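Dear colleague,

Please find below the structure that I promised to hand over. My notes on what was found in it follow directly after.

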Amino acid sequence: MNLALYSLFALLPILSVFLLLVVARRPASQAMPGALVVTVAIATLIWQVPFLHIAASVVQGVVIAVEILLIVFGAILLLNVLQESGAISVIRRSLLGLSADRRVQVIVIAWLFGSFIEGASGFGTPAVICVPLLVAVGFPALAAVMAALIIQSTPSTFGAVGTPVLFGIATGLEGSESVESLLSQQNLSLLDYVTRIGSGAAVIHAIVGTLIPLLLVVMLTALFGRDRSAREGLQLWPFALFSGLAFTLPYGLTAVLLGPEFPSMIGGLVGLIVVIVAIRQGWFQPHTPWQFPEPDQWPDAWSGSLNPELRSPPPSMTVLKAWLPYGLLGG
């Protein structure tokens, strides 16, 4: 069997998911078991993987799926807690006081705050935090999910205090004879080598990541605006690029100078401070705030069953108390 045919068989599990979900429009409860059957069949018949290994992989997949479900459960639970306590109204008021423009809000919340949370906690935490927060301030749930997924790019390499680099890459290289030979020739330790890899990755990500806020607002206006216009997102290009650089410059410098532990954290924190100051000073701000259509004009797919109610907060609900759950999750 030639390499092209092997490559086709290797692609079949992913292709089966695409065909069942997108083409056949089957629900995930049917598509994913179908893809599992295809994967097990290929592993058994083509790759001749031992049954015990297949069973262990299935169990591992179930564990990962449960972890994802717990993340989703946590996001919905947090949203409901904020709603019932009245904290959601306080958070909404504080964010709207910063800027009424939804494009600016998504950059601050998803791109900068989400990147900081990714650097601190990783493992899907930005979705738990940013999606309910965006929904709380008036974003359609689908737009909030899209934003959270888009920003899971540049900061993810150094998420959870550099775990993907320090443990992911290091574990993969450890014990390799070719790597050990290379390290001995260059008189480097494995940690030094991994740090160099992280620095190189940070430079590449910083270049591309500078454009992520612009992509974010273009997708937002093109898919969720009244006019479905990408131009409305492009109109914010000065602020979007400024926000991109406010994160990627400290992000890249931290990776090169300090190592892979703190690039996303420092980039997010510095970016938040710089961008919030810029908003307060009116730098690069749009003349007319961009808004979503009225909620009664939203298609059902935009919000699903999530429809948070704005309740009057009790007098004891301060801004600090309202934001406290996010501080705890970020820590």
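**Aromatic pairs and their surroundings**

Eleven aromatic pairs turn up when the whole structure is searched, where rings of Phe, Tyr and Trp (its six-membered ring) pair if their centres lie within 6.5 Å, and planes under 30 degrees apart count as stacked, over 60 as edge-to-face and the rest as tilted. One of them joins Phe-224 to Trp-302 in an edge-to-face arrangement, with 5.0 Å from centre to centre and 65° between the planes. This pair links distant parts of the chain, since Phe-224 belongs to helix 11 (residues 212-224) and Trp-302 to helix 15 (residues 300-303), 78 residues apart; helices here are DSSP runs (H or I, at least four residues), numbered from the N terminus. Phe-224 and Trp-302 are both buried, that is, under 20% relative accessible area with a 1.4 Å probe and protein chains only. Another edge-to-face pair is formed by Trp-290 and Phe-292, at 5.2 Å centre to centre and 70° between the planes, and these two residues are buried as well. Phe-139, Phe-224, Trp-290, Phe-292, Trp-298 and Trp-302 make up one aromatic cluster.

Before you read on, please note that this is a predicted model, in which local features need pLDDT of at least 70 and side-chain atom pairs count only at pLDDT 80 or more, while totals for chains, interfaces and linings use all residues. Residues are numbered from 1 along each chain as its sequence is written, and side-chain values use heavy atoms, with hydrogens and water left out.

**Core and loop**

Thr-157 sits in the loop between helix 7 (141-150) and helix 8 (159-173), and counts as buried because its relative accessible area is 17%. Its side chain makes a polar contact of 3.1 Å with the side chain of His-205, a polar contact being a pair of N or O atoms within 3.5 Å, of which, within protein, one must be able to donate a hydrogen and the other to accept it, and residues adjacent in sequence count only if both atoms are side-chain atoms.

Technical notes. Helix = DSSP H or I, 4+ residues; strand = E, 2+ residues; numbered from the N terminus. Buried < 20%, exposed > 50% of the residue type's maximum accessible area, 1.4 Å probe, protein only.
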